[in-house]
Amino acid sequence: MVLEFESLKEGQQLESLTKQTITKVQLVKYAGASGDFNPLHTDDEFAQKVGMDGVIAHGMLVMGFLGEYVMGIAGDCAEPSRFRMRFGAVTRPGDRITCSAIVEKVYEEVGVRFVDLALKAEKAPGEVVGSGKSTLRFR
């Protein structure tokens with residue numbers, strides 16, 4: 001889904017993006033790509049020693065999912081001018097993350113069109129693993 005400025009309304013729920021189920025292999029690959037080799041993300045035994053049930057996903061992986069979602073809906077007609085996120089519930093292998101957005105504000109400033117979005121990443125309805133905001137600047 002690519003947004004069209006003229007069709008956006010405040011309060012509008014945008015089409016969501018559901019990612020593939022998170023796997024341990026994905027966490028190891030992300031550790032390599034990000035340089036974050038904290039064993040909490042890759043070693044079940046270590047994670048259990050520090051009180052977790054097993055490894056947990058990197059928070060920045062979830063942020064990457066939301067970033068991918070925003071870029072996908074922006075398409076070629078808009079670009080993110082702001083993007084921020086807060087981490088929520090822990091994400092584990094086996095979780096499936098759905099990213100969604102609600103249009104908060106549609107406006108123009110000095111002839112430039114903007115849309116403010118409220119973002120959410122959930123592993124189950126009501127179980128938020130990340131939330132944030134993004135502003136899209138339309139071309």
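**The largest nonpolar core and its surroundings**

Modeller: Leu14, Leu117, Leu136 and Phe138 touch the most other members of the largest nonpolar core, which holds 29 residues. Such a core is a set of buried Ala, Val, Leu, Ile, Met, Phe, Trp, Tyr and Cys residues joined through side-chain atoms within 4.5 Å. Two or more residues each come from helix H3 (59-74) and from strands E2 (78-87), E3 (98-109), E4 (112-124) and E5 (127-138). H3 gives the largest share, 8 residues. Helices (H or I, at least four residues) and strands (E, at least two) are DSSP runs, numbered from the N terminus. In soluble globular proteins, nonpolar side chains tend to be buried together.

The model is predicted, so local features need pLDDT of at least 70 and side-chain atom pairs count only at pLDDT 80 or more, whereas totals for chains, interfaces and linings use all residues. Residues are numbered from 1 along each chain as its sequence is written, and side-chain values use heavy atoms, with hydrogens and water left out.

Leu14 deserves a separate word. Residues up to four places away in sequence aside, Leu14 touches Met1, Leu3, Leu8, Tyr69, Ile73, Ala101, Val103 and Leu117; contact means heavy atoms within 4.5 Å.

The sheet gives the setting. The 5 strands form an open, antiparallel sheet in the order E1-E3-E4-E5-E2, where two strands pair if DSSP finds at least two bridges between them. Strand E1 (17-18) and E2 each have a single partner strand and stand at the edges, so one side of each lacks a neighbour in the sheet. The antiparallel pairing of E1 with E3 runs over 2 bridges, and Thr18 has Thr98 in E3 as its bridge partner. Along the sequence, the chain reads β-α-α-α-β-β-β-β, with 3 helices and 5 strands.

Strand E3 also carries Glu104. This residue is partly exposed, at 36% relative accessible area; buried means under 20%, exposed over 50% and partly exposed in between (1.4 Å probe, protein chains only). Beyond its neighbours within four places in sequence, Glu104 is in contact with Glu10, Asp116, Leu117, Ala118 and Lys133.

In the loop between E3 and E4 lies Val110. Its phi is near 50 degrees, a positive value in a residue other than glycine. At 85% relative accessibility, Val110 counts as exposed.

Finally, the cysteines. The whole structure contains 0 disulfides, a disulfide being a pair of cysteine sulfur atoms within 2.5 Å. The sulfur of Cys77 has its closest cysteine sulfur in Cys99, at 19 Å, which is too far for a bond. Cys99 is buried, with 0% relative accessible area, whereas Cys77 is partly exposed at 26%.

For the chain as a whole, buried residues make up 35% of the 139 residues. Of the contacts with a separation of 6 or more, 64% join residues 24 or more positions apart.
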